[in-house]
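Please walk me through this protein chain.

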Amino acid sequence: MEKVTLLVSGMSCGHCVNAVEGALGKLNGVSSVNVHLSEGKVDVEFDSSAVSLETIKETIDDQGYDVA
């Protein structure tokens, strides 16, 4: 398992948290997602043999948020 912290801009409310956690939670290989709204960070633990970091970033981007 790998764990990364991504800087995500554009999140401002509970709906944003639910959108990101929900979308990432549906990805095969993602075991945990923790959004830190006030810090603009998202912690993701995932199996890199099942899902790539690029796919995780694209999924966040598809929800309308910018990933650094």
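β2 and β3 form a hairpin, with four residues between them. In the turn, G40 has a positive phi of about 70 degrees. The model is predicted: local features need pLDDT of at least 70, side-chain atom pairs count only at pLDDT 80 or more, and totals for chains, interfaces and linings use all residues. Numbering starts from 1 along each chain as its sequence is written, and side-chain values use heavy atoms, leaving out hydrogens and water.

Strand β2 covers residues 30-36 and strand β3 covers residues 41-46. They pair in the antiparallel sense over six bridges; pairing requires that DSSP finds at least two bridges between two strands. V35 has V42 in β3 as its bridge partner. In a regular strand, side chains alternate between the two faces of the sheet.

Now the whole chain. The protein chain has two helices and four strands, in the order β-α-β-β-α-β. Helices are DSSP runs of H or I with at least four residues, strands are runs of E with at least two, and both are numbered from the N terminus.

How does the radius of gyration compare with that of a compact globule? With 68 residues, such a globule would be near 11 Å; the protein chain has 11 Å, so the two agree. The radius is taken over C-alpha atoms, and the globule rule is 2.2 Å times the number of residues to the power 0.38. The C-alpha trace spans about 30 × 20 × 20 Å along its principal axes.

Contacts (heavy atoms within 4.5 Å) complete the picture. Among those with a separation of 6 or more, 59% join residues 24 or more positions apart.
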